[in-house]
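Here are my notes on this one, as numbered points. Have the model open while you read.

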Amino acid sequence: MEGGYQEGGAISFSKTGSRLDLGVCALILSILAYFGYPDKRLHTMTGFLLDQQELNGSWIPEPGLERIQYIFAGTLLALDALREYQSRYQKYAARISEGQAKGREFLLQYHLIKTRDTGEIIDQKFTRFSF
């Protein structure tokens with residue numbers, strides 16, 4: 001986390017520090033929460049992640065990467081991070097439950113892997129169990 005944490009809970013390891021990737025934020029939060037990393041910044045990171053949730057329940061991992069497969073990946077990472085955090089800490093419990101419900105609903109609207117418009121599979125990788 002050192003060298004990448006920004007005030008407000010964002011994580012950026014880019015050289016300029018200005019490029020945020022919610023997927024990276026979610027991965028780091030998930031790992032630190034899983035291992036019970038004793039740092040108050042985890043709570044700030046969780047609040048930041050919750051604040052970044054879109055109205056439709058998704059998380060866009062990075063501004064400009066609004067293709068649906070990236071949004072799915074960002075949403076799955078955020079949901080996993082919130083689950084790990086919630087299993088250890090009670091702070092934000094109501095917000096996390098609400099955010100998780102909205103995120104799951106977003107994924108279900110797309111049948112987890114298909115477009116709403118055509119019903120086509122968004123990315124064949126989503127059909128593999130390993131994903």
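Helices are DSSP runs of H or I with at least four residues, and strands are E runs of at least two, both numbered from the N terminus. Residues are numbered from 1 along each chain as its sequence is written, and side-chain values use heavy atoms, with hydrogens and water left out. Keep in mind that this is a predicted model: local features need pLDDT of at least 70, side-chain atom pairs count only at pLDDT 80 or more, and totals for chains, interfaces and linings use all residues.

1. **Overall make-up.** The protein has 4 helices and 0 strands, in the order α-α-α-α from the N terminus. Of its 131 residues, 42% are buried (under 20% relative accessible area with a 1.4 Å probe, protein chains only; exposed is over 50%, partly exposed in between). Taking contacts (heavy atoms within 4.5 Å) between residues at least 6 apart in sequence, 57% join residues at least 24 apart.

2. **Helix 1.** At its start, a side-chain oxygen of D21 comes to within 2.8 Å of the backbone nitrogen of G23. After the helix comes G36, with a positive phi near 65 degrees. Buried positions in helix 1 include L22, C25, I28, L29 and L32.

3. **Aromatic pairs.** There are 3 (ring centres of Phe, Tyr or the six-membered ring of Trp within 6.5 Å; planes under 30 degrees apart are stacked, over 60 edge-to-face, the rest tilted). F72 and F106 are edge-to-face, because their centres lie 5.8 Å apart with the planes at 85 degrees. F72 is in helix 3 and F106 in helix 4, so this pair ties together parts 34 residues apart in sequence. F72 is buried at 1% relative accessibility, and F106 is buried with a relative accessible area of 1%. Y85 and Y89 make a tilted pair, 5.0 Å centre to centre with 35 degrees between planes. Y85 is buried at 0% and Y89 at 18%.

4. **A charge over a ring.** The charged end of R41 sits over the ring of Y5, 5.1 Å from its centre (the criterion: NZ of Lys or CZ of Arg within 6 Å of the ring centre and within 35 degrees of the ring normal).

How values were computed: Polar contact = N/O pair within 3.5 Å; in protein donor to acceptor, adjacent residues only side chain to side chain.
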